[in-house]
Each structure stands twice: as structure tokens, then as C-alpha cells.
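Work through the exercises below with the sequence and the 3D structure at hand. Each task is followed by its solution.

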Amino acid sequence: MSRARRALPPRRTAGRPTLPIALPLALLLPLATACGAGAGEPSDGRTVTVTVGYQSKTINTVTAGTLLRSLGYFEEELADRGRADGLSYRVVWQDYATGAPITAQMTAGKIDIGSMGDFPLLINAARGKQLKEPTRLVSVTGYNLRGGLNTVVTAPGSPLRSLADLKGRKVSTSVGSAADGTLVRALRRAGVDPAKDVRKLNQQPSVGASALSSGSVDALSQFVAWPGLLAYQGKAAALYDGAELNLPTFHGVTVREEFAERRPAVLDAFLRAQHRATEHLRKQPVAAAESVAKETGLPAEVVYLYNGAQGIATFDPALRPELIAALKEDVPVLEEAGLVTDVDVDAFVDPAPLRSAVPDAAYPRTTGAKAELWLKGQRTTRTFDSPGALLKAVRGASVRAAYVPDAATGTLWFADRAVWVLDGSAWRAFVTRSAAERYVTGHPGARVVPYADAVRLAS
């Protein structure tokens, strides 16, 4: 079959009745064929099975996974397509903890469309090329232009105060993930050799979280939503905010090239559905967070930290130039780790399907997070122009969650887990103690204040 990229058919706008959604497979099932006739092929001559790999708990992928699945938009778009071509479409959703098993399934021809982080995307591109099952990056789910989706955390009460303190320590991460990339880069900036000065354990996020709680590791470097979840549960404190790197990080959607060429209308339907899910999340962030929480078992307050109106993640399917430039900067890190040898990013990135599917889409740029308050029993939140105003509103209120942006990086964090600084009459909050202490050192008279005292003094 020719590998030339075809133009996608024009979008249809007929009604979209919902098709039954296939039950999800158990997390990290052994590799198995999605359907007897092969992924993307009619299994009975009239029904096409489409297999989508996603990461339910990696919640900045929800517009191509958890939220999209719960809304049924992809099935609706395929029902529309079925009326045009006379075929029936069945969607199988396969849930995984990381991008690695999705890549394994895709290169085996068993998953058609998958979502994963920037570092796994590059491994996906490399493995696809090596195994003669090339893939394309066709859209983005959630991103943070500074890198705030990845965080290094320690146990509460840990004596560790900075990355330099990790020398000789054990750190859990998922090798080949964006969180691992953040760890490697951040350690180097701190003058710590990630290969010699720390003992890095390659673990699944849930395993690493348990290891941190048990004390068998000293720190954990992970991606959304694990750091926020552990902080919310009082099981971790932030040691390093990935946004200090000031390098974009994101998750995106990849498709098998052969599938995209054979079933361009299905890819078109998926990207239209992702666009609709993105609009839903932007317009109804609280409802979307509640929906994702119900599907994943994560607290809605944690989901909202990342996916809310002021959240750490920005949702926009566009393959923005700054994201692609960051992807190219990631290649040497993976090459040095021996995880890839040669990745042609420009050949991997394919913006044409998204332009064809949603040609008029436009998403606003982020303008900087504001402090935000979610009261119990409310379906909307309040925003504040200053951290001090948030502190005044919190006192005496029935608070479900309060969020505040880091004064230096803009990364949103739970107000009661942030490190607060009083500088004269102005309040500032920081994700990490080291960032707060740097500020205090550079501003005579400024001091760190416990959260409860900050609420009392601000009121």
C-alpha cells in the first residue's frame, strides 16, 4: 500500500445517535488482539472495530480518553459516518497506566489510535519505524508551556529541601516518561549527575507512590495526576516544580499510519470528537472534572487542579510550533538514555488530519492562572486577582478546594499545600519550600508563614 498521505473526506453534520460503547479492558491486560479480523477491519463484513488506547489516570489526556469515552462523542461521530458508508462501527477502549504498553500494542497492529506523553510519543515514533508499523502524531490533548505537569515530590516531613539533596538517594520514576525527562534535566541543572549521583528506580506510578509512602524511596518524579493526588492526600510534599525548567511538556494523539490511510474517515471522526470534548471541558470544567473523577476514582479536586478553568494543563488539540520544538529538544535526552536512536520529528508530526477535521477551530492562549475557590455544594468556582484575596475568602467558608498559582512559575497548587510568604502586606504562594526560601532570601523582611496563620492574618 502506498504511504502517501491522503486528504480526508469533508465533514458531515447529520445527527449523531449514540452507539453502544464496548466495555473497557482491565488495566494492563496482557497484549491481545482487539478483534478477530484485525484492528480496523470489518469483523463480520459490515462492522469495523476501532481500538483506542488511553490512560485514564493521566488526566491531561481526557479529551482523547476518559472524558471522550464517557461523553460518547466518538461513537456519535462514527454513527454519522456509518449512515454514509453503510458500515457499523464498534469502539474498544483499552486503559493503561503509561504509554509504553500502548506503543507495544500499536506496533503489533492491535491498537489503532493512542494517547501518551511527549517522551513516550518519541519512543512510539522510533519503535514504529523499527518494526515497520509507523505512526503519526496528529493532535495534542493537554499541555503546559513551562513543564508544570511533572513534579518531584518527597514524603511529608522529609529533610530533603532541594534537588541537590537527592545525591546518594533513591528516586522512583517511570524511565522513558516525561516525568523521567524532567528529573534528568532538573538534576543536571542542580549539578547532580542523574546516572551516578542518584539511584533511579524504574517503577509504574502507583508502585512508586507506594514506595514513597513506605519509605523505600526518598523521592518520586511523576506526571499528572500523581504528584497532585499524593499532595492532596497528605502523602507527599513538592520538592521540585517541573515548570522551573521552562520547557513545554504535553500529551498527544498518535495513530498507526496504515490505519490512517485505510480508514481516514475514522481518524476524521476521532479528531472531531476530540474537538467536541475539548470544548465541553473548556465550557463546563467543573462538570468535566466530576465526570472524570467518577470514571477514574480520582478525587474531583485533584482532577480540577490539572483540568480546571485555571488548571495546570491547557487543552488545545493544535500541534503548536512551540510544542513541536520542545519535542525535538527531547530527542537527545532519550538518545542518551539508549531509548531511541533516530527520530525524524518532522516526518512523525502530521497536522493535516486535524486541519481537515476541524478547519475553523481556534483556542484562546493562556493568560496566566488566578487563585480559585471551589465551595462545597457549588457547581461553579470563584477566581481572585490576588492570593491575599483568596485567603480572605477562605476564612469561615465551607471550602471544597482552594487553588493558588506559584508566584514564580504560575503552576497552580492546592492553597493548603502551598508554601506561603508574607512580604510586607503582600501574600505570595509557592509550590515548593525551596522556591519560597529563594524568594525570602532575595527580599529582606519577607517570611514564610504556615497556611493556617496566613488565613488568619489575611482576614
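Two strands pair if DSSP finds at least two bridges between them. The model used here is predicted.

**Exercise 1.** Find which strands are joined to S4 by bridges, and in which direction they run.

Solution. 
1. Strand S4 covers residues 135–144.
2. Seven bridges join S4 to strand S10 (residues 249–256), and these two run antiparallel. Here Val-140 stands opposite Gly-252 in S10.
3. Two bridges join S4 to strand S11 (residues 314–315), also in an antiparallel arrangement. Gly-142 has Phe-315 of S11 as its bridge partner.
4. As for burial, 10 of the 10 residues of S4 are buried, so the strand is largely enclosed by the rest of the structure.

**Exercise 2.** Locate the buried residues of helix H17 and state what covers them.

Solution. 
1. H17 spans residues 451–458, and its buried residues are Ala-454, Val-455 and Ala-458.
2. They cover an arc of only 100° around the axis, which puts them on the same side of H17.
3. The cover over these buried residues includes helix H15 (387–394) and strands S16, S17 and S18.

How values were computed
Residues numbered from 1 in each chain as written. Predicted model: local features only at pLDDT ≥ 70, side-chain atom pairs only at ≥ 80, totals over all residues. Heavy atoms only, no water. Buried < 20%, exposed > 50% of the residue type's maximum accessible area, 1.4 Å probe, protein only. Helix = DSSP H or I, 4+ residues; strand = E, 2+ residues; numbered from the N terminus. Arc of directions from axis to C-beta. Contact = heavy atoms within 4.5 Å.
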